[in-house]
Amino acid sequence: VPPMTEAVARQALLRFVASRCCYGSRAAGELAIRQLRQLGTYRYRLETFSESRLSEWAFEPFTKPGAARPPGDAPLDPWDVEVRTPQLFQGQTWRCRVPHSALVRDCHRCHGHGRSRCGVCHGAGRTRCVTCKGSRWRLKQQKRCQLCSGTGRKRCNTCSGRGSKTCATCQGEKKLQHFKQLVITWKNNVFEFVSEHHLNFPGELLSKVSGENIFKDENVVVYPIIDFPEPEISLASQRAIAEHSAVFAMSSRILQQRQTIELIPITEVHYQYSGKPYLYYIYGLENKVYALDYPERCCCGCTIV
């Protein structure tokens, strides 16, 4: 990681101040930097790329005679269906049919008739006239309603007066083809741990920045890191691998694992402004800034993180 310089530290603070509506830029330009204390912390991350499969029944209108499976053919087991694995460590969900699982049955909604009773006219084919509201007369004109010809009812627009309409479930085909649908979920499961830095600095901010990658191990199964200079990282590696193996090996298949260690740079900047001492932190390769007590700001309630 390149060493922090006064020019880079001041520029990072100026960018931070410009992004805050109630922070003035004069202090950032005039402050005197007294000390740049370069620190750092480690971030361990374990990624487990897993695949899980679930089969569920689905159906569609049966429009292809002869498409149902022949008698005696047993549907494949969900894990026997061959699919193409997507890019590693990229989550995705995919659905497909299980071969030899199709069954043809009469539509359960219309009972194989292809039509269902209209829900507006309840099968009568006619509904109450909206103009005279079924009274047959136009009260204001004191004459018979012309829209319904004085009957108080008119033809149902929903079913065109037939009392029934094409079944929405089978779309008039009378039969449904039921089949097993395979739902395959690829998921990248992430365990992350950041070692203690013992600074007056919110640790959750470090999860939003990147660090310098100093270690990478990728395989179908990775093994715990041993004897890392920071003991917390070795313990985190052991815990993460044990947790992922216990959780994902039982409910899914582990396709690939990857563990990395990053060094996240943190610089503690001590400066003086108007005769008073202050400090701020620069963290991550993006040179983000955390200023707890910036001297030039108004009280409009904006965040300081």
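How many salt bridges does the structure hold? The model, which is a predicted one, holds nine salt bridges, a salt bridge being a side-chain nitrogen of Lys or Arg within 4 Å of a carboxyl oxygen of Asp or Glu. Because the model is predicted, local features need pLDDT of at least 70 and side-chain atom pairs count only at pLDDT 80 or more, while totals for chains, interfaces and linings use all residues. Residues are numbered from 1 along each chain as its sequence is written, and side-chain values use heavy atoms, with hydrogens and water left out.

Among these bridges is the one in which the side chains of arginine 37 and glutamate 268 meet, at 3.1 Å from N to O. Arginine 37 belongs to strand β1 and glutamate 268 to strand β12 (residues 253–273), so this pair ties together parts that are 231 residues apart in sequence; helices (H or I, at least four residues) and strands (E, at least two) are DSSP runs, numbered from the N terminus. Arginine 37 is partly exposed, with a relative accessible area of 37%, whereas glutamate 268 counts as buried at 7%; here buried means under 20% relative accessible area, exposed over 50%, and partly exposed in between (1.4 Å probe, protein chains only).

With glutamate 47 in strand β1, the pair ties together parts that are 211 residues apart in sequence, and glutamate 47 counts as buried at 11% relative accessibility. Arginine 258 also forms a salt bridge with glutamate 218, at 3.9 Å from N to O, a link between distant parts of the chain, since glutamate 218 lies in strand β11, 40 residues apart from arginine 258 in strand β12. Glutamate 218 counts as partly exposed, at 32% relative accessibility. Elsewhere, salt bridges that share partners join Arg43, Arg45, Glu192 and Glu262 into one network.

The loop between β11 (212–219) and α3 (231–251) is the place of valine 220, a residue that is partly exposed, with a relative accessible area of 43%. Aspartate 227 lies in the loop between β11 and α3, where its phi is near 60 degrees, a positive value in a residue other than glycine, and it is exposed, with a relative accessible area of 73%. A positive phi, near 65 degrees, is also found for phenylalanine 89, which sits in the loop between β1 (32–61) and β2 (92–97) and is buried, with a relative accessible area of 8%.

Leucine 103, in strand β3 (residues 103–106), is partly exposed at 25% relative accessibility. Between leucine 103 and histidine 178 there are 75 residues of separation in sequence, yet their C-alpha atoms are 5.1 Å apart in space.

Finally, there is the question of open space. Rolling a probe the size of a water molecule over the atoms shows where empty space is left. On a 1 Å grid over the protein atoms alone, a pocket is an open set of points where a 1.4 Å probe fits, with protein on both sides within 12 Å along at least five of seven lines, and lining residues have an atom within 4 Å of a point. The largest pocket has a volume of about 160 Å³, a volume being the space filled by probe spheres set on the points, which are joined across faces, edges and corners. Of the 11 residues that line this pocket, Phe16, Ser19, Arg20, Lys288 and Val289 are the closest to its centre.
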